[in-house]
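Colleague: Could you take me through the ligand contacts, the aromatic rings and one of the helices of this model, with the reasoning spelled out?

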Amino acid sequence: MRASLNLRAGLVSLLILLVFGLAWHIAVSGTGPQQTLDPEYARLLGQTAVQGKSAMPGPVDVLAKIWSHAKDPFYDKGPNDKGIGIQLAYSIGRVLIGYSLAIMVALPLGFLIGMSPLMSKALDPFIQLMKPVSPLAWMPLALYTIKDSSISAVFVIFICSLWPMLINTAFGVASVRKEWVNVARTLEVGTFRRAFTVILPAAAPTIVTGMRISIGIAWLVIVAAEMLVGGTGIGYFVWNEWNNLSITNVITSILVIGLVGMLLDQALARVGRAVSFPE
Amino acid sequence: MSGSGSTPVNSDKFISIEGIARHFAAPGGGQTTVFRDIWFAIPKGEFVCMIGHSGCGKTTVLNILSGLDLPDEGVAVVDGRAIEGPSLDRAVIFQSHALLPWRTVLGNVAYAVSSKWRDWSRAKIEEHAKKFIEKVGLKGSEGKKPAQLSGGMKQRVGIARALSIEPKILLMDEPFSALDALTRGTLQDEVRRICLETGQTVFMITHDVDEAIYLADKIILMTNGPEAMVAEIVENPLPKDRDRNQIHKHPSFYAIRNHLIDFLVTRSKTFKNEIPPDYDRRKPPIVRPQAQPLPVPPPEANGRKVA
Ligand SMILES: Nc1ncnc2c1ncn2[C@@H]1O[C@H](COP(=O)(O)OP(=O)(O)OP(=O)(O)O)[C@@H](O)[C@H]1O
Ligand SMILES: [Mg+2]
């Protein structure tokens, strides 16, 4: 029953993909030249006006482009021409650094907030105020103080990853079942060991949910941040290809960004399953 | 067990509750006194049950004995020292079993063992834990997670965990109340056997009169709350080596059973209004219900749960 549902769903997905690809292909194929123009002017207008062919690439163009990127993802021909793999590696690197820093701050701070009602109340107004700020709003401040565009992007990732992890950690720690804590107390387990043997495992599912939200947001934000600061990264790559009017590359990037985002999410989902426990 | 009701000598006061009171903030401001000026003592090696209606403060007393809660007035003394916090000398079996769901059966028991003997090797800890898992009849389930166990098995793990640290005192808060009658009976037998073997001092809360008669040496009767008090301490007239299928034939069985039920049904409410003139909070009266000269066993001999 279950297998057959999966099979049917897979077939429907494939069908949707084919219909979409076909519609796309038809929509962008040319209808023949419509008028004769001065060649100089035609060159300015591009192929759309001249041949009736859409400037929008078709699925075949995109597939060809993906194949060419896949064959040589890591070439480096100067600052404006690097392989998509190199650009992705830059972005993933920034995300992982900013994200790891956020973990190192959010987990201990979240524990503190979750365990101490005083700190929880004291820090609440700051968190409430900072949480809704778009991480990109920090960019000018980061550029001004750090004076390095790459590190500023990392900082922005740090800031946007921080809040979901912090809030979930604090919540998870604060809502650990009292009886589990009491078990540790009656066994004279010290605060430090209790934090690692009872509170951390009990709160882990909630914490990992926060981490999963964070990695999703970080991957959304890195594209925008790199568009702003430029230089390297998949965000910069998208913007650069837009300036080159290479829509094929833009579409390719969109697919690749989606793919990496999905993999990051799946990785955290896997961690989540590993730390979850049935009650 | 001297049981004469005379002034207890010091060895009879292994656990001594001395004038404890506990207040909680009342919902509408002010505070409610759950109980105050409670006194009783438990000698070493005795199995003592506490019976009383819901909300009279039994769990609160047990929490004070475990050290998870502190009295607002008075002290709880164990082995000559006031309780200031939880201790590995006093193991608690929680009503809701309170197993750590991310650990296996072995992991749960080993956690307790490793907390008590911190320098033991992993192999030694597991060997010790397995011994107690076997003792409660769970051999073969060491690798299971609590979610894979039945209610009775979970409670068994809780018992194994408590016993594994070889505590001086075992504290149990209605450990069997969530179980079906058959499982409850089996577990009562096992707990009784283990406690007799080791001469364990036990304080147990129960709602079940028959459970108290089967297990207890003494039964502490609490009146209804708020401001609950210890009405009396009932000595169990049944011999220590009792058989659950034979105890109802003992001439004093219905005497104690009727006495307890009578207390729960009526006297727990009325006791406060008709306190006997010689009642002393520091020395609650000790009674020993005995068979009447001509016992007439009531027909409904198998009633079980009261309250
Ligand atoms: N943390 C608390 N805050 C406020 N009131 C409390 C708290 N703990 C217990 N109480 C109150 O104290 C009284 C005694 O509670 P306790 O849990 O000791 O009763 P109990 O005799 O164990 O009842 P039951 O048989 O239902 O378990 C109750 O009226 C309860 O509402
Ligand atoms: Mg209770």
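**Ligand 1 and its surroundings**

Modeller: In this predicted model, a polar backbone atom of Gly57(B) is 2.9 Å from an oxygen atom of ligand 1.

Colleague: Which residue has a polar side-chain atom 2.6 Å from an oxygen atom of ligand 1?

Modeller: The residues around ligand 1 include His53(B), Glu174(B) and His207(B), as well as Cys56(B), Gly57(B) and Thr59(B). A backbone N or O atom of Cys56(B) lies 3.3 Å from an oxygen atom of the ligand. The polar side-chain atom at 2.6 Å from a ligand oxygen belongs to Thr59(B).

**Aromatic rings**

Colleague: How many aromatic pairs does the structure hold over all chains, and what is the angle between the planes of Trp180(A) and Trp102(B)?

Modeller: Over all chains, the structure holds 11 aromatic pairs. One of them joins Trp180(A) and Trp102(B), whose rings are 5.3 Å apart, centre to centre, in an edge-to-face arrangement. This pair crosses between chains, running from helix α9 (residues 178-186) of chain A to the loop between β6 (90-93) and α2 (105-116) of chain B. The angle between the two planes is 85°.

Colleague: Are Trp180(A) and Trp102(B) buried or exposed?

Modeller: The label "buried" calls for a relative accessible area under 20%. For both Trp180(A) and Trp102(B), the answer is buried.

Colleague: Why is the pair of Phe271(B) and Tyr279(B) edge-to-face, and what is the relative accessible area of Tyr279(B)?

Modeller: The ring centres of Phe271(B) and Tyr279(B) are 5.5 Å apart and the planes stand at 75°, so the pair is edge-to-face, the cut-off for that class being over 60 degrees. Phe271(B) counts as buried, at 6% relative accessibility. Tyr279(B) is buried too, and its relative accessible area is 14%.

Colleague: Which residue has its charged end over the ring of Tyr144(A)?

Modeller: In chain A, Lys77(A) lies over the face of Tyr75(A), at 4.8 Å from the ring centre. Over the ring of Tyr144(A), at 5.4 Å from its centre, sits the charged end of Lys147(A).

**Helix α6 of chain A**

Colleague: What span should helix α6 of chain A have, and at which residue does α6(A) bend?

Modeller: Helix α6 (residues 117-130) has 14 residues, which at 1.5 Å a residue should span 20 Å, and its end C-alpha atoms are 20 Å apart, so the two values agree.

Methods: Residues are numbered from 1 along each chain as its sequence is written. Chains are lettered from A and ligands numbered from 1 in the order in which they are written. This is a predicted model: local features need pLDDT of at least 70, side-chain atom pairs count only at pLDDT 80 or more; totals for chains, interfaces and linings use all residues. Side-chain values use heavy atoms; hydrogens and water are left out. Helices (H or I, at least four residues) and strands (E, at least two) are DSSP runs, numbered from the N terminus. The expected span of a helix is 1.5 Å times one less than its number of residues. Rings of Phe, Tyr and Trp (its six-membered ring) pair if their centres lie within 6.5 Å; planes under 30 degrees apart count as stacked, over 60 as edge-to-face and the rest as tilted. Buried means under 20% relative accessible area, exposed over 50%, partly exposed in between (1.4 Å probe, protein chains only). A charge sits over a ring if NZ of Lys or CZ of Arg is within 6 Å of the ring centre and within 35 degrees of the ring normal. A residue is near a molecule or strand if one of its heavy atoms lies within 4 Å of it. A polar contact is a pair of N or O atoms within 3.5 Å; within protein, one must be able to donate a hydrogen and the other to accept it, and residues adjacent in sequence count only if both atoms are side-chain atoms.
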